[in-house]
Amino acid sequence: MLTDTMEAALNEQIREEMYSSYLYLAMSAFFEGLDLRGMAKWMRLQAQEEFGHAMKLFDYIFERGGAVTLKALAEPQATWASPAAAFAAALAHERHITACIHRLVEQAAAERDHGTVNFLQWFVKEQVEEEASVEPIARRLEKIGDHMMGLLLIDRETGGRTED
Ligand code: FEO
């Protein structure tokens with residue numbers, strides 16, 4: 001059985017993951033508008049992946065006899081100054097999510113909820129991968145600036161992503 005505080009914290013993380021999905025979908029729409037279809041696809045798959053993260057928490061709460069309460073989602077930003085700015089925002093967001101997960105682990109450990117500590121290890125590992133997948137794209141976009149050829153190359157590369 002989850003404590004009320006652990007249940008509330010896991011529900012809050014569902015909101016964070018759902019908002020992540022919403023934010024990346026907004027970024028996908030932004031890239032569609034720029035005709036950067038590869039980056040749009042990359043962000044769309046990322047949005048799907050975030051929905052999956054929310055569902056992992058959803059299922060876990062029920063597995064532990066808890067209740068799921070869905071919270072309101074804020075309206076995500078719709079435009080960014082450049083593709084580089086959008087990916088930089090995505091990286092900053094992933095770092096924020098990593099901090100959220102680490103706080104959850106610390107809370108579960110303080111409550112001696114070993115089941116939840118163990119469950120959250122999947123997210124700890126996932127966040128290492130999430131940051132590692134966004135960071136090189138953000139870094140390269142920052143380097144190329146407005147250079148169209150470089151932008152198209154990265155667009156083609158990100159468009160090769162096949163899994164969420
Ligand atoms: Fe679910 Fe990208 O963190």
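Before anything else I wrote down my burial scale: buried means under 20% relative accessible area, exposed means over 50%, and partly exposed is in between, with a 1.4 Å probe and protein chains only.

I am working with a predicted model, where local features need pLDDT of at least 70, side-chain atom pairs count only at pLDDT 80 or more, and totals for chains, interfaces and linings use all residues. Residues are numbered from 1 along each chain as its sequence is written, and side-chain values use heavy atoms, with hydrogens and water left out.

**Entry: two loop residues**

I started with D35, which sits in the loop between α1 and α2. I noted how helices get their names: they are DSSP runs (H or I, at least four residues), numbered from the N terminus. Is D35 buried or exposed? D35 counts as exposed, because its relative accessibility is 61%. I also looked up its phi, which is positive, near 60°, in a residue other than glycine.

Next I turned to R112, in the loop between α3 and α4. R112 is not a glycine either, yet its phi is positive at about 55°. With a relative accessible area of 68%, R112 is exposed.

**Entry: α1 against α2**

I looked at how helix α1 (residues 4–33) meets helix α2 (residues 37–63): their axes come within 8 Å and cross at roughly 165°. Axes here are lines fitted to C-alpha atoms, for helices over the stretch in contact, and the angles run from 0 to 180 degrees between N-to-C directions.

**Entry: the length of α3**

I checked helix α3 (residues 83–110), whose 28 residues should span 40 Å at 1.5 Å a residue; the end C-alpha atoms are 41 Å apart, which agrees. The expected span is 1.5 Å times one less than the number of residues.

**Entry: aromatic rings**

How many aromatic pairs does the structure hold? I found eight. Rings of Phe, Tyr and Trp (its six-membered ring) pair if their centres lie within 6.5 Å; planes under 30 degrees apart are stacked, over 60 edge-to-face, and the rest tilted.

The F58 and F62 rings have centres 5.3 Å apart and planes at 70°, so this pair is edge-to-face. F58 and F62 are four residues apart in helix α2, which separates them by about one helical turn. F58 is partly exposed at 25% relative accessible area, and F62 is partly exposed at 45%.

Y60 and F119 have ring centres 3.9 Å apart and planes at 5°, so I logged them as stacked. Y60 lies in helix α2 and F119 in helix α4 (residues 114–144), so the pair ties together parts 59 residues apart in sequence. Y60 is buried at 6% relative accessibility, and F119 is buried at 15% relative accessible area.

Last, I noted one aromatic cluster, formed by F30, F31, W42, W80 and F87.
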